[in-house]
Amino acid sequence: METSSIAQEYYKLQNLWADAERKDDWKVAVWVSQYPDVEIIDKFIQIEQSPAGGANDIFFRFETEYNGDQKLFEQKLWEEFRSWFAPHPKKDKDLHLALWENGLIKEPFVPNESLEPNASNLFSELERLRLSITDQSNHFYFCLYFPLAVQGKHNVAQWFGQVIEIVPENLRIVTMDLAEERRIKLQGKKYHYIYPRLKMAEAINNEMNKSSDGYNTIDPDARFRKQVMVVMDSTTKKIQNRTEVEVKRLLDITREIGTISSKIAGLLVSAQAYFALQNTKKSEEYTDKALEESSKAMQDDDATGYPVWKSCMLLKAALLFGNKDKDSALWIYEDLSEKASKRQDVYCVMEANRLIAHIYYEKNDLNKAFENVIFSLAAGACLDINVRRQSTFLHASFMCLYLGEKLKTPIEINEIKLQLADWLGDDWETLLSQAGVDSASLKMGKSFATNQLSPSKN
């Protein structure tokens, strides 16, 4: 039976890049990535930026977001480039000084401030920096990496097409595109597409199981991770269900570990397990215990407190809503929104206000529902566009439009549509349609109320 590990998937990326590196006829390389593979590809390139990288080429990462304005984009790229060489107040963090003092460059590099901030001059300065590298015995490229984050509403491929002819011989551009919604489809000999075929879900699962195949392992943390999987798996068994036994075993392990974070995590997992079994009494019991412990941790400024407290609050509100106590659920979401706002947790603010809006909708208070869904969207607008296009931001967007058509004038509805285009892209209507959001999704059933409990969202 074939098994995958994170290391094996990483080696696949190394081999794919080695193949690309050997080709000398391209200027722009695009990693066409599946959603689960984005993070490891980004980490691979991040490692290649460091001394630990294995490639011959040297990578530089640009964070400037492309906004459709070529002149402004290039000006900001130039400013980002200049910032690399600004003296750092802490000597041990001054990378440029470290390069010079360790003899990796022939002389301190100073960007030419008299040059106009455009792509041509940026490339020429990067080439000048490349030539200042002391060891020129082996040929190498400077690779300029533009991560997914630089692609907001506008497609950075437009800029690639505008500058590819002036990219110097020893410079290359590297970026990533999503296989599920391709945006970079430029053709020609100078474009090279890399199609990794990874098994990240299997690799992560195998890592979690590593060193914890039995309960006799001496590592309690490994047994805890394994037992969490056992508990959640037990909830799927309708006959001879063992959740109660497995929960007790999980809590025994947390006591053995003895940390506040493990205790809280064990209580939350237990609450979620009983919630999955529709045992609301037991779920509420463990939720209240986890809330109590996580609240104490928050008061003590323990970093583990808030993330678990947040999940407990979401579960508590779902339990209250399931028991038809809408007012109490509303209070929970409002408290959550307030505390998340103070911590600048914009995703949680978006979720809390989205759910507040749903409760007001069910209470037939459409104006309050509309007000809170606007709060939700305003928070979600702070997220990366790729997150907005793949999250419950879509539900809030549909709700805003649905309520707007009932409460607002045609001119105001048109303003809402223009704003959605700005937040989601010009294909926002198709996106909402494909996401399956409709008027039925405005009714907050049990599964809907707990949708935010997914670990990927907390």
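**Surface and helix packing**

Modeller: This is a predicted model. The protein chain has an accessible surface of about 23,200 Å², and carbon and sulfur atoms account for 50% of that.

Colleague: How many helices and strands in the protein chain?

Modeller: There are 20 helices and five strands.

Colleague: And what share of the residues is buried?

Modeller: Of the 458 residues in the protein chain, 48% are buried.

Colleague: Now helix 15. How many residues does it have, and how far does it reach?

Modeller: Helix 15 covers residues 366-380, which is 15 residues. From first C-alpha to last it reaches 21 Å, close to the 21 Å expected at 1.5 Å a residue.

Colleague: Which of the residues in helix 15 are buried?

Modeller: Leu-366, Ala-369, Phe-370, Asn-372, Val-373, Ser-376, Leu-377, Ala-379 and Gly-380.

Colleague: What covers them?

Modeller: The cover includes helix 14 (346-362), helix 16 (385-388), helix 17 (393-407) and helix 18 (410-424).

Colleague: Take helix 17. At what angle do helix 15 and helix 17 pack?

Modeller: The angle is about 140 degrees, and the axes are 9 Å apart. The crossing is left-handed.

Colleague: Which residues make the contact?

Modeller: From helix 15, they include Phe-370, Val-373, Ile-374 and Leu-377. Helix 17 contributes Phe-393, Met-399, Cys-400 and Leu-403, among others.

Colleague: How many are nonpolar, polar or charged?

Modeller: By class, the contact of helix 15 with helix 17 has twelve nonpolar, five polar and one charged residues.

Key
Residues are numbered from 1 along each chain as its sequence is written. This is a predicted model: local features need pLDDT of at least 70, side-chain atom pairs count only at pLDDT 80 or more; totals for chains, interfaces and linings use all residues. Side-chain values use heavy atoms; hydrogens and water are left out. Helices (H or I, at least four residues) and strands (E, at least two) are DSSP runs, numbered from the N terminus. The expected span of a helix is 1.5 Å times one less than its number of residues. Buried means under 20% relative accessible area, exposed over 50%, partly exposed in between (1.4 Å probe, protein chains only). Contact means heavy atoms within 4.5 Å. Accessible areas come from the Shrake-Rupley method with a 1.4 Å probe; for residues, only the protein chains shown count as cover. Axes are lines fitted to C-alpha atoms, for helices over the stretch in contact, and angles run from 0 to 180 degrees between N-to-C directions. A crossing is left-handed if the near helix is turned anticlockwise from the far one by less than a right angle, and right-handed if clockwise. Ala, Val, Leu, Ile, Met, Phe, Trp, Tyr, Cys and Pro count as nonpolar, Asp, Glu, Lys and Arg as charged, and the others, Gly among them, as polar.
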